[in-house]
Protein chains: 2
Amino acid sequence: MCDQGQSGTGSRCNTGRMRGSVQPRLLLQLARKPAHGYELMEALEDGDAGQAPDPGTLYRTLRALEEDGLVRSTWNTEGAGPARRVYELTDQGVEFLHAWAVSIRGTRAQLDRFLAEYEQQFQIKTGG
Amino acid sequence: MCDQGQSGTGSRCNTGRMRGSVQPRLLLQLARKPAHGYELMEALEDGDAGQAPDPGTLYRTLRALEEDGLVRSTWNTEGAGPARRVYELTDQGVEFLHAWAVSIRGTRAQLDRFLAEYEQQFQIKTGG
DNA sequence: ACTAATAGATGGCTTATACATATAGATGCT
DNA sequence: AGCATCTATATGTATAAGCCATCTATTAGT
(Lines give C-alpha, C1' and ligand atoms only; values in the text may rest on other atoms or scores of the structure.)
Protein backbone atom coordinates (compact mmCIF):
# COMPACT_ATOMS: atom_id res chain seq x y z
CA MET A 1 0.00 0.00 0.00
CA CYS A 2 2.71 2.45 0.98
CA ASP A 3 4.94 1.54 -1.93
CA GLN A 4 7.73 4.02 -2.46
CA GLY A 5 7.54 3.60 -6.22
CA GLN A 6 4.03 4.86 -6.79
CA SER A 7 3.50 8.48 -5.98
CA GLY A 8 0.72 9.62 -3.71
CA THR A 9 -2.53 7.93 -4.64
CA GLY A 10 -4.33 9.85 -1.98
CA SER A 11 -3.41 7.88 1.11
CA ARG A 12 -1.32 9.16 3.98
CA CYS A 13 1.60 7.16 2.66
CA ASN A 14 3.96 9.94 1.84
CA THR A 15 6.64 11.37 4.04
CA GLY A 16 4.54 14.41 4.82
CA ARG A 17 6.08 17.80 4.71
CA MET A 18 6.50 19.66 7.89
CA ARG A 19 3.86 22.31 8.41
CA GLY A 20 4.08 25.72 9.93
CA SER A 21 6.37 27.62 7.60
CA VAL A 22 4.01 29.73 5.51
CA GLN A 23 3.29 32.37 8.13
CA PRO A 24 6.88 33.07 9.11
CA ARG A 25 8.06 33.11 5.51
CA LEU A 26 5.40 35.67 4.64
CA LEU A 27 6.31 37.78 7.65
CA LEU A 28 10.00 37.65 6.79
CA GLN A 29 9.35 38.59 3.18
CA LEU A 30 7.21 41.51 4.32
CA ALA A 31 9.95 42.56 6.71
CA ARG A 32 12.15 43.06 3.68
CA LYS A 33 9.60 44.98 1.67
CA PRO A 34 5.84 45.64 1.72
CA ALA A 35 4.17 43.67 -1.05
CA HIS A 36 0.88 42.33 -2.34
CA GLY A 37 -0.11 38.68 -2.43
CA TYR A 38 0.82 37.89 -5.99
CA GLU A 39 4.19 39.50 -5.50
CA LEU A 40 4.79 37.45 -2.36
CA MET A 41 3.95 34.26 -4.20
CA GLU A 42 6.49 35.01 -6.88
CA ALA A 43 9.09 36.00 -4.31
CA LEU A 44 8.68 32.74 -2.41
CA GLU A 45 8.71 30.76 -5.62
CA ASP A 46 11.95 32.39 -6.74
CA GLY A 47 13.96 32.65 -3.58
CA ASP A 48 12.66 29.88 -1.38
CA ALA A 49 13.58 26.81 -3.43
CA GLY A 50 10.39 27.08 -5.46
CA GLN A 51 8.13 26.29 -2.54
CA ALA A 52 5.43 28.92 -2.69
CA PRO A 53 2.08 28.15 -1.11
CA ASP A 54 -0.94 27.95 -3.40
CA PRO A 55 -2.95 31.16 -3.88
CA GLY A 56 -5.76 30.02 -1.61
CA THR A 57 -3.44 29.36 1.29
CA LEU A 58 -1.50 32.53 0.67
CA TYR A 59 -4.36 34.99 0.56
CA ARG A 60 -6.19 33.39 3.41
CA THR A 61 -3.07 33.39 5.53
CA LEU A 62 -2.53 37.07 4.79
CA ARG A 63 -6.08 37.91 5.86
CA ALA A 64 -5.60 35.90 9.04
CA LEU A 65 -2.35 37.71 9.76
CA GLU A 66 -4.16 41.01 9.28
CA GLU A 67 -7.00 39.94 11.56
CA ASP A 68 -4.38 39.15 14.17
CA GLY A 69 -2.75 42.56 13.77
CA LEU A 70 0.55 41.25 12.46
CA VAL A 71 0.21 42.97 9.10
CA ARG A 72 -1.92 45.79 7.73
CA SER A 73 -3.07 46.34 4.19
CA THR A 74 -4.03 49.16 1.87
CA TRP A 75 -5.47 49.04 -1.61
CA ASN A 76 -3.25 50.21 -4.40
CA THR A 77 -5.08 51.02 -7.62
CA GLU A 78 -2.19 52.81 -9.31
CA GLY A 79 -0.31 51.25 -12.18
CA ALA A 80 -1.53 48.60 -14.57
CA GLY A 81 -3.68 45.60 -13.84
CA PRO A 82 -6.28 45.03 -11.15
CA ALA A 83 -6.09 46.60 -7.70
CA ARG A 84 -3.56 45.15 -5.32
CA ARG A 85 -3.93 44.79 -1.60
CA VAL A 86 -0.51 45.81 -0.36
CA TYR A 87 0.54 44.35 2.97
CA GLU A 88 3.13 45.65 5.38
CA LEU A 89 4.35 44.43 8.74
CA THR A 90 3.12 46.01 11.94
CA ASP A 91 5.33 46.37 15.01
CA GLN A 92 3.54 43.40 16.43
CA GLY A 93 4.30 41.49 13.27
CA VAL A 94 7.99 42.17 13.72
CA GLU A 95 7.85 40.96 17.29
CA PHE A 96 6.02 37.90 16.15
CA LEU A 97 8.60 37.19 13.52
CA HIS A 98 11.24 37.25 16.23
CA ALA A 99 9.20 34.79 18.26
CA TRP A 100 8.85 32.59 15.19
CA ALA A 101 12.60 32.65 14.68
CA VAL A 102 13.12 31.37 18.21
CA SER A 103 10.58 28.63 17.67
CA ILE A 104 12.13 27.69 14.35
CA ARG A 105 15.59 27.47 15.85
CA GLY A 106 14.11 25.03 18.34
CA THR A 107 12.55 23.00 15.58
CA ARG A 108 15.82 22.89 13.72
CA ALA A 109 17.59 21.67 16.85
CA GLN A 110 14.99 18.93 17.13
CA LEU A 111 15.56 17.91 13.52
CA ASP A 112 19.29 17.88 14.15
CA ARG A 113 18.80 15.54 17.08
CA PHE A 114 16.58 13.30 15.00
CA LEU A 115 19.03 13.15 12.11
CA ALA A 116 21.97 12.54 14.42
CA GLU A 117 20.19 9.61 16.05
CA TYR A 118 19.08 8.35 12.66
CA GLU A 119 22.55 8.47 11.20
CA GLN A 120 24.01 6.84 14.26
CA GLN A 121 21.42 4.09 14.09
CA PHE A 122 22.10 3.34 10.46
CA GLN A 123 25.79 4.26 10.51
CA ILE A 124 25.57 6.62 7.60
CA LYS A 125 28.18 9.22 6.83
CA THR A 126 26.64 12.21 5.09
CA GLY A 127 28.62 15.05 3.61
CA GLY A 128 26.01 17.63 4.43
CA MET B 1 -4.95 40.22 20.58
CA CYS B 2 -1.77 38.39 19.70
CA ASP B 3 0.07 39.59 22.75
CA GLN B 4 3.23 37.69 23.49
CA GLY B 5 2.66 37.93 27.20
CA GLN B 6 -0.63 36.08 27.49
CA SER B 7 -0.42 32.45 26.65
CA GLY B 8 -2.76 30.84 24.16
CA THR B 9 -6.33 31.90 24.84
CA GLY B 10 -7.51 29.72 22.01
CA SER B 11 -6.67 31.85 18.98
CA ARG B 12 -4.10 31.05 16.32
CA CYS B 13 -1.80 33.61 17.92
CA ASN B 14 1.07 31.37 18.87
CA THR B 15 4.14 30.60 16.88
CA GLY B 16 2.82 27.20 15.95
CA ARG B 17 5.00 24.21 16.33
CA MET B 18 6.04 22.43 13.24
CA ARG B 19 4.00 19.31 12.65
CA GLY B 20 4.93 16.02 11.09
CA SER B 21 7.53 14.66 13.46
CA VAL B 22 5.63 12.06 15.45
CA GLN B 23 5.65 9.34 12.79
CA PRO B 24 9.36 9.47 12.02
CA ARG B 25 10.32 9.65 15.67
CA LEU B 26 8.25 6.56 16.41
CA LEU B 27 9.76 4.73 13.45
CA LEU B 28 13.28 5.64 14.53
CA GLN B 29 12.64 4.55 18.09
CA LEU B 30 11.26 1.24 16.86
CA ALA B 31 14.28 0.85 14.61
CA ARG B 32 16.39 0.79 17.75
CA LYS B 33 14.21 -1.65 19.64
CA PRO B 34 10.69 -3.10 19.39
CA ALA B 35 8.46 -1.58 22.05
CA HIS B 36 4.90 -0.99 23.15
CA GLY B 37 3.14 2.36 23.20
CA TYR B 38 3.68 3.31 26.79
CA GLU B 39 7.35 2.45 26.49
CA LEU B 40 7.66 4.63 23.38
CA MET B 41 6.06 7.53 25.16
CA GLU B 42 8.56 7.32 27.97
CA ALA B 43 11.45 6.92 25.56
CA LEU B 44 10.45 10.04 23.62
CA GLU B 45 9.90 11.96 26.83
CA ASP B 46 13.35 11.05 28.12
CA GLY B 47 15.51 11.28 25.06
CA ASP B 48 13.77 13.73 22.81
CA ALA B 49 13.91 16.88 24.91
CA GLY B 50 10.73 15.93 26.73
CA GLN B 51 8.51 16.22 23.69
CA ALA B 52 6.42 13.08 23.73
CA PRO B 53 3.06 13.11 21.98
CA ASP B 54 -0.04 12.61 24.13
CA PRO B 55 -1.33 9.03 24.46
CA GLY B 56 -4.17 9.60 22.01
CA THR B 57 -1.86 10.79 19.26
CA LEU B 58 0.64 8.08 19.99
CA TYR B 59 -1.65 5.06 19.95
CA ARG B 60 -3.61 6.26 16.97
CA THR B 61 -0.44 6.95 15.05
CA LEU B 62 0.83 3.48 15.83
CA ARG B 63 -2.39 1.91 14.57
CA ALA B 64 -2.18 3.99 11.41
CA LEU B 65 1.42 2.93 10.87
CA GLU B 66 0.35 -0.67 11.26
CA GLU B 67 -2.52 -0.23 8.81
CA ASP B 68 0.02 1.12 6.36
CA GLY B 69 2.30 -1.84 6.87
CA LEU B 70 5.19 0.13 8.34
CA VAL B 71 5.03 -1.65 11.69
CA ARG B 72 3.50 -4.88 12.94
CA SER B 73 2.30 -5.70 16.42
CA THR B 74 1.85 -8.70 18.68
CA TRP B 75 0.25 -8.93 22.09
CA ASN B 76 2.52 -9.61 25.00
CA THR B 77 0.73 -10.85 28.12
CA GLU B 78 3.83 -11.98 29.99
CA GLY B 79 5.13 -10.11 32.98
CA ALA B 80 3.21 -7.81 35.26
CA GLY B 81 0.56 -5.27 34.42
CA PRO B 82 -1.95 -5.20 31.59
CA ALA B 83 -1.21 -6.69 28.19
CA ARG B 84 1.08 -4.73 25.92
CA ARG B 85 0.81 -4.43 22.18
CA VAL B 86 4.42 -4.68 21.12
CA TYR B 87 5.31 -3.00 17.83
CA GLU B 88 8.26 -3.68 15.58
CA LEU B 89 9.37 -2.18 12.29
CA THR B 90 8.68 -3.95 9.01
CA ASP B 91 11.09 -3.80 6.08
CA GLN B 92 8.76 -1.27 4.54
CA GLY B 93 8.91 0.72 7.74
CA VAL B 94 12.68 0.87 7.50
CA GLU B 95 12.48 2.06 3.91
CA PHE B 96 9.96 4.64 4.95
CA LEU B 97 12.19 5.85 7.73
CA HIS B 98 14.93 6.39 5.14
CA ALA B 99 12.51 8.38 3.00
CA TRP B 100 11.52 10.42 6.04
CA ALA B 101 15.16 11.17 6.76
CA VAL B 102 15.59 12.55 3.26
CA SER B 103 12.49 14.68 3.64
CA ILE B 104 13.60 15.91 7.05
CA ARG B 105 17.01 16.87 5.74
CA GLY B 106 15.17 18.94 3.14
CA THR B 107 13.07 20.57 5.81
CA ARG B 108 16.13 21.37 7.85
CA ALA B 109 17.76 22.96 4.82
CA GLN B 110 14.65 25.08 4.38
CA LEU B 111 14.78 26.17 8.00
CA ASP B 112 18.46 27.00 7.59
CA ARG B 113 17.64 29.19 4.60
CA PHE B 114 14.90 30.91 6.55
CA LEU B 115 17.11 31.56 9.56
CA ALA B 116 19.97 32.80 7.39
CA GLU B 117 17.69 35.27 5.68
CA TYR B 118 16.15 36.25 8.98
CA GLU B 119 19.48 36.90 10.61
CA GLN B 120 20.70 38.80 7.61
CA GLN B 121 17.58 40.95 7.63
CA PHE B 122 17.90 41.82 11.29
CA GLN B 123 21.69 41.71 11.39
CA ILE B 124 21.89 39.36 14.31
CA LYS B 125 25.00 37.43 15.22
CA THR B 126 24.15 34.16 16.90
CA GLY B 127 26.65 31.89 18.50
CA GLY B 128 24.87 28.76 17.35
C1' DA C 1 -13.20 -1.46 48.56
C1' DC C 2 -10.60 2.45 47.05
C1' DT C 3 -6.70 4.45 44.78
C1' DA C 4 -2.87 4.63 41.80
C1' DA C 5 0.06 3.04 38.13
C1' DT C 6 0.34 0.82 33.77
C1' DA C 7 -1.53 0.15 29.16
C1' DG C 8 -4.42 1.00 25.38
C1' DA C 9 -8.26 3.32 22.90
C1' DT C 10 -12.03 6.68 21.23
C1' DG C 11 -14.47 11.22 20.38
C1' DG C 12 -14.25 15.75 19.22
C1' DC C 13 -11.75 19.86 18.13
C1' DT C 14 -8.32 23.17 15.94
C1' DT C 15 -4.80 24.34 12.73
C1' DA C 16 -2.20 24.41 8.56
C1' DT C 17 -2.26 23.51 4.14
C1' DA C 18 -3.69 21.72 -0.45
C1' DC C 19 -6.70 21.41 -4.55
C1' DA C 20 -10.28 23.23 -7.22
C1' DT C 21 -12.92 26.85 -8.64
C1' DA C 22 -14.87 31.66 -8.90
C1' DT C 23 -14.56 36.66 -9.69
C1' DA C 24 -12.83 40.74 -11.83
C1' DG C 25 -9.92 44.32 -14.01
C1' DA C 26 -6.44 45.13 -17.79
C1' DT C 27 -4.37 44.17 -22.11
C1' DG C 28 -3.99 42.63 -26.62
C1' DC C 29 -5.47 40.15 -30.76
C1' DT C 30 -8.68 39.35 -34.41
C1' DA D 1 -17.05 44.19 -30.42
C1' DG D 2 -15.77 39.58 -28.84
C1' DC D 3 -12.52 36.69 -26.66
C1' DA D 4 -8.34 34.94 -24.59
C1' DT D 5 -4.79 35.86 -21.25
C1' DC D 6 -2.37 37.76 -17.52
C1' DT D 7 -2.73 39.76 -13.07
C1' DA D 8 -4.84 39.63 -8.56
C1' DT D 9 -7.85 38.26 -4.97
C1' DA D 10 -11.10 35.16 -2.85
C1' DT D 11 -14.11 31.05 -1.43
C1' DG D 12 -15.41 26.07 -0.85
C1' DT D 13 -14.10 21.83 0.49
C1' DA D 14 -11.04 18.28 2.06
C1' DT D 15 -7.48 16.25 4.96
C1' DA D 16 -3.68 15.13 8.08
C1' DA D 17 -1.52 16.07 12.42
C1' DG D 18 -1.95 16.73 16.86
C1' DC D 19 -4.20 18.19 21.33
C1' DC D 20 -7.50 17.57 25.21
C1' DA D 21 -10.70 14.99 27.57
C1' DT D 22 -12.54 10.78 28.57
C1' DC D 23 -13.13 5.71 28.88
C1' DT D 24 -11.86 0.75 29.73
C1' DA D 25 -9.04 -2.84 31.79
C1' DT D 26 -5.33 -5.01 34.57
C1' DT D 27 -2.46 -5.16 38.52
C1' DA D 28 -0.67 -3.70 43.02
C1' DG D 29 -0.82 -1.29 47.41
C1' DT D 30 -3.37 0.36 51.39
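Which residues of helix α2 (residues 37-47) of chain A are buried? They are Leu40(A), Met41(A) and Leu44(A). A residue counts as buried if 20 or more other C-beta atoms lie within 10 Å of its own, as exposed if 12 or fewer do, and as partly exposed in between, with C-beta atoms placed from the backbone. Seen down the axis of α2(A), the buried residues fall within an arc of 105 degrees, so they line one face of the helix. The arc is that of the directions from the helix axis to the C-beta atoms.

The model is predicted; local features need pLDDT of at least 70, side-chain atom pairs count only at pLDDT 80 or more, and totals for chains, interfaces and linings use all residues. Residues are numbered from 1 along each chain as its sequence is written, while chains are lettered from A and ligands numbered from 1 in the order in which they are written.

On the other side of α2(A), Glu42(A) and Asp46(A) are exposed. The cover over the buried residues of α2(A) includes α1 (22-32), β1 (35-36) and α3 (55-67) of chain A. Helices (H or I, at least four residues) and strands (E, at least two) are DSSP runs, numbered from the N terminus. Ala49(A) follows α2(A) and has a positive phi, near 60 degrees.

Chain A superposes on chain B by a rotation of 180 degrees with 0.0 Å of shift along the axis (RMSD 0.1 Å). The two copies are thus related as by a two-fold rotation axis. The superposition is by least squares on the C-alpha atoms of residues with pLDDT of at least 70 in both copies. Of the residues of chain A, Arg19(A) comes closest to the axis, at 2.5 Å (C-alpha).

The contact between the chains takes 42 residues from chain A and 42 residues from chain B. Two residues are in contact if their C-beta atoms, placed from the backbone, lie within 7 Å. On the side of chain A, α1 and α4 (91-122) each give two or more residues. The largest share, 19 residues, comes from α4(A). This side divides into 19 nonpolar, eleven polar and twelve charged residues. Ala, Val, Leu, Ile, Met, Phe, Trp, Tyr, Cys and Pro count as nonpolar, Asp, Glu, Lys and Arg as charged, and the others, Gly among them, as polar. The copies meet through the same surface, because 100% of the interface residues of chain A are also interface residues in chain B.

DNA strand C is surrounded by 31 residues. A residue is near the strand if its C-beta atom, placed from the backbone, lies within 6 Å of it. The closest are Val22(A), Gly56(A), His36(B), Gly37(B) and Gly56(B).
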